[in-house]
Amino acid sequence: MTPPQTVAAESLGSPALNITVFGLFVAITLYVVYRVSHRNTSTSDYYAAGSAFTGSQNGVAITGDYLSAASFLGIAGAIAVHGYDGFLYSIGFLVAWLVALLLVAELVRNTGRFTMGDVLAYRMRQRPVRAAAATSTLVISFFYMLAQMAGAGGLVALLLDVQGKGGQALVISVVGLIMITYVLVGGMKGTTWVQIIKASILVLCVVLMTVFLLGKFGFSISALLDEAAANNAQGQDVLEPGAQYGKTAITRLDFISLSLALILGAAGLPHVLMRFYTVPNALQARRSVVWAVVAMAVFYLSTLVIGYGASALVGSDKILASSGKENSAAPLLAFEIGGTVLLGVVAAVAFATILAVVAGLTITASASFAHDVYASIIRRGRAEPATEVRVARRTAVVIGMLAIVGGILANGQNVAFLVALAFAFAASANLSTLLYSLFWRRFNTRGVLWGMYGGLGSCLLLVSVSPVVSGAPTSIFSGVDFHLFPLSNPGIVSIPVSFLAGYLGTVFSREQADPAKQAEMEVRSLTGIGT
Amino acid sequence: MTQVVHSPIAGRSPGRPEPGFGGITRPPRPAPTPDPGPPDFAAIRNSPEFTALRRRLRRFVFPVSALFFLWYLTYVLLAAYARDFMSERLFGSVTVGLAFGLGQFVSTLAITFAYVRFARNTIDPRVARIRAKAGIRE
């Protein structure tokens, strides 16, 4: 089947221009990373950029960390093809930030220093809790990263006209190496600036496209929707819920499960939590979230217009016939309204998105390994800071290499579910234990372990016996069928399991929480005294 | 950066400015040695100021969290099981579902700014008082 691909390749402008714009972005960000990173020898510099960013800077950086390729290309594509159901993703991703704002951000900033493990282990037995926190951080980061890197392969095919697997592998490797350079040279400070630059360009780009689209339809949403429905294979159904998830009772339940994972997952994502340590205090952490909420509200409203706009101007048939399928909706629309130049910009933004998100994940995973596993578990808190940073850098290289290999192997696989799965993990293992340790005095070590491993374990178990892995045409092993659990997203079961396990573990343990540490944590989390 | 200089919650801060020559206040000096040790966290936690702070904060964030969670859940359940209702046209091709979705954006922004206002007026001054009492110089 070559005809659709050649159509897409021809219609998608000039790969040379796309590469040039992307190259420009990489050059600018590398220069900035080099300039801002004078010293990265202390743990505080490497992990938390010396906690010297302001709330507004960090808010934009959070936006950059959070708006992955799944958010940009995935949601625009889902709205373009399935209509309203794609919009539901945007809402879940946005509303989720209220959990972070009200319950997590400021308390986590006051309590911890570098990692999620700092908060969870504060008044518990250090080694087992840090081991659990690091396990969860590494698993979530790896799944999230794999989704990003595998997406890069499809994007390469679409935007750079590299159709061979070998060529795609080469481009994935280059993207991975640039990312490792950011992390090694820049540490958290450099990575944060990459996020800030990327988020600014991304939000600006979608806002301009949105204003243009609205202008084209005389600033009438209704006219845009009419045109979108007229050019979509599903017709008027794209304006109504259910085009994608409304088919059966199972798909509806799956949708609810996904919605729960989205809203409860964001505040438990380790790379998001770690961003709160780059600001000096709780007030700035609060400001970070406010900036992030506003930037993301603008972004997600724009994706609604861009998604329907792609359906209206490009048409769902043409989108699905292109080599990137749903993911190509935004690039195709950019080409339609702005020619090769705008396509070049959107392509570069999409690449920059993958690059920056993977860099954020890498520094989080490496920090968790070096700080929680190496310094606290292996060296029992007696590691030299310089050695700890060296371990973190080496870990970053290893993780970056794993991301490259994983991305090449997963290239072309159906991995869209991985991001939703990472949210389910975060909601199941991290949110429950974080909330208990921040708000429940009696919570103890066994509660953390049961909650964390219970959530992670039930997630992994349910996914392995779900249609994602076997028994459906889109499964990883589509030839065999050993699926027992009907839903693709385990959240609706694993989130309550995790909360219940955390409760039961605490109640069934005779261990008393250390009252002195408990008082310290409670005072510190609310007032910042002792930080 | 802030620094803890003294422990007892009701104690005098040794780093407070002393009146200088002619009543000109000199800038505070670093705390004299030896290090006074960590703050007395148990005393702070049992102080009425702190319990009031905790109560005020929880009385805002818990109900509001429950509220937006239920509001979101209502929306998701309507989208999943009340398709006809969500598909009704309000004007032109704008459906009830779309209006509900935009309502989630509005409520998210409204709650965000309500919390910022609440924290600025109610939480931050209380935290500042507790910190000052614990002898922390800002």
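In this predicted model, helix H6 of chain A meets helix H4 of chain B through A:Tyr84, A:Phe87, A:Ile91, A:Leu94, A:Val95, A:Leu98, A:Leu101 and A:Leu102 on one side, and B:Gly97, B:Gly101, B:Gln104, B:Phe105, B:Thr108, B:Ile111, B:Thr112 and B:Tyr115 on the other (contact: C-beta atoms, placed from the backbone, within 7 Å; helices: DSSP runs of H or I, at least four residues, and strands, E, at least two, numbered from the N terminus). The residues of this contact split into eleven nonpolar, five polar and no charged (Ala, Val, Leu, Ile, Met, Phe, Trp, Tyr, Cys and Pro count as nonpolar, Asp, Glu, Lys and Arg as charged, the others, Gly among them, as polar).

The axes of H6(A), residues 84-111, and H4(B) come within 10 Å and cross at roughly 15° (lines fitted to C-alpha atoms over the stretch in contact, with angles from 0 to 180 degrees between N-to-C directions). That makes the pair roughly parallel (under 35 degrees; over 145 is roughly antiparallel). Their crossing is left-handed (the near helix is turned anticlockwise from the far one by less than a right angle).

Within chain B, H4 (residues 96-133) also packs with H2 (residues 48-81), at about 175° and with axes 11 Å apart, so these two are roughly antiparallel. Their contact holds 17 nonpolar, four polar and four charged residues.

As for the chains, the contact takes 45 residues from chain B and 41 from chain A. H4(B) gives the most to chain B's side, with 15 residues. That side divides into 30 nonpolar, ten polar and five charged residues.

Residues are numbered from 1 along each chain as its sequence is written, and chains are lettered from A and ligands numbered from 1 in the order in which they are written. Local features need pLDDT of at least 70 and side-chain atom pairs count only at 80 or more, while totals for chains, interfaces and linings use all residues.

Terms used: Parallel < 35°, antiparallel > 145°, perpendicular 65-115°, else oblique. Contact = placed C-beta atoms within 7 Å.
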